[in-house]
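Hello,

Here is the structure for you to look through. My notes on its aromatic rings follow below.

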Amino acid sequence: MTMRPFHRLLPVLLILLLALQQVSAQADTISPRHRALNTAQLRPGLRQYLVYFQFPDKPKMLNFSLWMREISKSQHNGQPVFEVKQSWYNADSNYFRSFHSINSAKDFSPLYHSDAGGTGVRAYNWSAAGVKGADSVAGNKAAGYTLNFDSPNYNWHLDIETFEMLPLAAGKTFYILFYDAGLDPPAYVKYTVTGSEMLTTLDNRQVDCWILHTGGTMPQGGTYEQSFWISKAGHELLKEADSFSGMFRYKIKLPGLTPNLPEVVRQVTAKKS
């Protein structure tokens, strides 16, 4: 085999090295062990999303839901934390679900997560070493569950909050170590900033947003695509568009004037008592 002179290969090697450095510089590994999230960007308060589903084979029908996500700061076992409480409303009460997540205020690493719905309650104590079913929760259907981790990760059920804390920029790629409690083991999920777009709000204000995209194959088969519009100035997730094997789902953040339905019910009940 004829050997090429090294001085002829040097320019090619330098070009490859620079290309690899550029790719590496544009990709961030996001986990509590690697590059952490910027928790200063996560704002406490209530966020409400209109969620609707579109089925191409039923063009005259839409399924609607209201998802509420309330973020607050508190204390858990003597340390400052973020609490995220979610309520998912649907026309059919059988599909109502509520979630309670507790995460470290320092780096948003998960400490606790519970899921309550028509099939019962599943609650987990979460740490860098693994998750275990929470024995203190009555009727916990995940009481005997245990999974050890090789590396600390983030709660995939809080993807919206996680995205709002990313250092988004043009051309950036993120590999986020996510885990969905009780399901498949943790895995890195690739998200890429594919561009930006101006969204028009209800008051016709123009909001410049990054578009974060991911896609792949679902465990049960079929493919999925997800895009998220996150405001550059306020780090708010304003819009999401998903496709799952031919079905489409959209999330639109509702304005602050949207009634807090559980609070309205509490007030009405208090007046009657």
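Ring pairs join Trp 156, Phe 163, Phe 178, Tyr 191 and Phe 228 into a cluster. Rings of Phe, Tyr and Trp (its six-membered ring) pair if their centres lie within 6.5 Å; planes under 30 degrees apart are stacked, over 60 edge-to-face, and the rest tilted. This is a predicted model: local features need pLDDT of at least 70, side-chain atom pairs count only at pLDDT 80 or more, and totals for chains, interfaces and linings use all residues. Residues are numbered from 1 along each chain as its sequence is written, and side-chain values use heavy atoms, with hydrogens and water left out.

The structure holds 14 aromatic pairs. One of them is Tyr 89 with Phe 96: the centres are 5.1 Å apart and the planes meet at 55°, so this pair is tilted. Trp 156 and Phe 178 make a stacked pair, with 5.6 Å between centres and 5° between planes. These two are 22 residues apart, and the pair links distant parts of the chain.

Which of these rings are buried, and which partly exposed? Buried means under 20% relative accessible area, exposed over 50%, partly exposed in between (1.4 Å probe, protein chains only). Phe 178 is buried, at 1%. Trp 156 is partly exposed, at 32%. Tyr 89 is partly exposed at 27%, and Phe 96 is partly exposed at 30%.

Two lysines also sit over rings. A charge counts as over a ring if NZ of Lys or CZ of Arg is within 6 Å of the ring centre and within 35 degrees of the ring normal. Lys 232 lies over the face of Trp 210, 4.0 Å from the ring centre. The charged end of Lys 239 is over Trp 229, 4.3 Å from the centre of that ring.

Best wishes

How values were computed. Helix = DSSP H or I, 4+ residues; strand = E, 2+ residues; numbered from the N terminus.
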